Amino acid sequence: NLIYKDQAFIPGEKGEYPEYLENYRTTDSGLSLFFRPVKITDEPLLKEFFYDLSDKTIYRRFFINLLSISHEKLQKFSVVDFNREMVILAVDIENNRESALGIGQYIVDILSNYAEIAFIVRDDHQKMGIGTELLTYLTYLAKRQGLAGFTAEVLPVNKPMLSLFAKEGFEIEKKSLGGVIKLKRDFTKD
């Protein structure tokens with residue numbers, strides 16, 4: 001019983017942890033962070049992170065209210081084919097204990113060669129530059145991977161996220177009937 005009976009994993013090179021993507025970054029506010037890809041063993045860390053989020057923050061990221069987060073949902077964040085998606089944790093290392101402060105991810109649409117990007121920052125660390133650093137690092141990784149750009153979906157009430165995306169060159173593509181704003185950034189214009 002050391003692992004779940006239904007534990008997902010990705011065999012071979014696609015599922016190997018890309019240690020070379022580990023990176024130390026400092027936000028404009030002076031916060032030092034360790035950025036690293038998610039590991040299959042991060043499920044407890046992710047669970048703690050999600051339970052530390054407010055209902056408002058969860059709703060702005062997932063467009064639904066989550067009362068709990070199951071093992072199955074956590075596996076969608078921790079079991080990653082790094083050829084098709086990227087999940088980066090912004091980690092604070094204090095007293096030799098990791099604490100996740102933010103998660104940034106993108107999932108590649110193979111047909112368009114764009115990736116949908118999303119991220120979330122713990123409430124007590126918002127407005128400290130973590131989102132900006134996650135977006136900058138994920139943009140670097142996506143360009144290195146040869147992607148054409150990013151797409152994103154944001155609720156109109158999420159003004160900080162809309163502001164960040166606008167600052168980083170995202171343009172409004174359209175507003176859906178449900179009120180979600182669809183954004184796009186084309187890397188070929190850089």
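A crossing of two helices is left-handed if the near helix is turned anticlockwise from the far one by less than a right angle, and right-handed if it is turned clockwise.

**View 1. Helix α4 crosses helix α5.** In this predicted model, α4 passes α5 in a right-handed crossing. Helix α4 (residues 130–144) and helix α5 (residues 159–167) pack at an angle of about 40°, with their axes 11 Å apart, the axes being lines fitted to C-alpha atoms over the stretch in contact and the angles running from 0 to 180 degrees between N-to-C directions. That angle makes α4 oblique to α5, since angles under 35 degrees count as roughly parallel, over 145 as roughly antiparallel, 65 to 115 as roughly perpendicular and the rest as oblique.

**View 2. Residues at the contact of α4 with α5.** Gly131, Thr132 and Leu135 of α4 meet Leu164, Phe165 and Lys167 of α5, where contact means heavy atoms within 4.5 Å. These residues divide into three nonpolar, two polar and one charged; Ala, Val, Leu, Ile, Met, Phe, Trp, Tyr, Cys and Pro count as nonpolar, Asp, Glu, Lys and Arg as charged, and the others, Gly among them, as polar.

**View 3. The chain around the helices.** The chain has five helices and eight strands, which are DSSP runs (H or I, at least four residues, for helices; E, at least two, for strands) numbered from the N terminus. Along the sequence they follow the pattern β-β-α-α-α-β-β-β-α-β-α-β-β.

**Notes.** Residues are numbered from 1 along each chain as its sequence is written. Local features need pLDDT of at least 70, side-chain atom pairs count only at pLDDT 80 or more, and totals for chains, interfaces and linings use all residues, while side-chain values use heavy atoms, with hydrogens and water left out.
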